[in-house]
Amino acid sequence: MLHALRLAGEFFARLEKMDEAIAATVAAGRCQHCGGPLHRGNYQRKPRGGLLAVTGECFTLRHSLCCGRRGCRKRATPPSLRFLGRRVYLEVAVIVASMVVQVVAMTARAALAATGIPQRTLRRWGSWWRGTLPRLPVWMELRARFAPPPPDEKDLPRSLVWRLDGDDARPDVVAGGSVSEASLLRAARYLAPATTSSVAEGSRFVTAAMAQTAMA
Ligand SMILES: [Zn+2]
């Protein structure tokens, strides 16, 4: 079962490092509204990991930038490998818990026991993955990166994770619990542009940050 997966603190430390690198590439640019300078405006969050990503809860810093020009002051929140928009749960918790309930049909109680996340939340995520995300412009951009056909939009997020896993990924491998940190890292990198709406062309910043680090 997927719920046997326990992500280590080191995994989140790597994600945090990547987030810092992405924030640095955004900070090197200008405010996209007025061209003003961007200043650090980081803040603390209280992320939850459910049962799968509890070690990520201590990585609380959300990198953020603010325009320094008076009269603008708009916030530019860089793409992230840890935070999926304003969701209180960490992105990997959202991905893995969503996959758990895709792989195995469960009662509300079983879903909570397996993921630590209430079923109504899991349902809401399911409708985001399969209803909202496929209609966002950022998804059009992301799906174009795959050789046709792109991952099945009616089967997100597992169709995406399996596809990013490459040729050895098979449904029974994931159901068997061996979804790896490496494939979750790939998914987080891939989805990073979809984690913020306040920075346009997020993919460009993510790619530039990856190129500057050992994780590229
Ligand atoms: Zn500005």
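**Close-up 1. Cys31 and Cys67, two buried cysteines at the zinc ion.** In this predicted model, Cys31 and Cys67 are both buried. They belong to the set of protein donors of the zinc ion, which is made up of Cys31 (SG), Cys34 (SG), Cys67 (SG) and Cys72 (SG), at 2.2 to 2.3 Å from the metal. Take a look at the geometry too: the 4 donor atoms subtend angles of 97 to 114° around the zinc ion, so the arrangement is tetrahedral. Along the chain, the donors are spaced as C-x2-C-x32-C-x4-C. Cys31 sits in the loop between helix 1 (9–27) and strand 1 (38–40), while Cys67 is part of strand 4 (residues 65–67), so this pair ties together parts that are 36 residues apart in sequence.

**Close-up 2. The open sheet with strand order 1-4-5.** Here is a sheet of 3 strands, open and with antiparallel pairing. Strand 1 and strand 5 (75–76) form its edges, each pairing on one side only. Strand 1 and strand 4 run antiparallel and are joined by 3 bridges.

**Close-up 3. Helix 1 and its buried residues.** Helix 1 contains 19 residues and spans 27 Å from first to last C-alpha, close to the 27 Å expected at 1.5 Å a residue. It lies across strand 1 and strand 4, and runs at about 150° to strand 1. Among its buried residues are Phe11, Phe12, Leu15, Met18, Ile22 and Val26, along with Glu16 and Asp19. The buried residues of helix 1 pack against strand 1, strand 3 (61–62) and strand 4, and also against helix 2 (91–103), helix 8 (181–191) and helix 9 (202–211).

**Close-up 4. Two cis peptide bonds.** The bond from Pro148 to Pro149 is cis, with omega near -5°, and Pro149 lies in the loop between helix 5 (137–143) and helix 6 (158–165). The bond from Leu156 to Pro157 is also cis, with omega near 5°. Pro157 has its place in the loop between helix 5 and helix 6.

Close-up 5. Most residues other than glycine have a negative phi. Arg73 has a positive phi, near 55°, and lies in the loop between strand 4 and strand 5. At 48% relative accessibility, Arg73 is partly exposed. Glu201 likewise has phi near 55°, in the loop between helix 8 and helix 9. With a relative accessible area of 52%, Glu201 is exposed.

Methods. Residues are numbered from 1 along each chain as its sequence is written. This is a predicted model: local features need pLDDT of at least 70, side-chain atom pairs count only at pLDDT 80 or more; totals for chains, interfaces and linings use all residues. Side-chain values use heavy atoms; hydrogens and water are left out. Donors are N, O and S atoms within 2.8 Å of the metal (3.2 Å for Na, K and Ca); water is not among the atoms, so sites may look incomplete. Four donors count as tetrahedral if all angles lie between 85 and 135 degrees; four count as square planar and six as octahedral if opposite donors are over 155 degrees apart and all others between 65 and 115; anything else is irregular. Helices (H or I, at least four residues) and strands (E, at least two) are DSSP runs, numbered from the N terminus. Buried means under 20% relative accessible area, exposed over 50%, partly exposed in between (1.4 Å probe, protein chains only). The expected span of a helix is 1.5 Å times one less than its number of residues. Contact means heavy atoms within 4.5 Å. Two strands pair if DSSP finds at least two bridges between them. Axes are lines fitted to C-alpha atoms, for helices over the stretch in contact, and angles run from 0 to 180 degrees between N-to-C directions.
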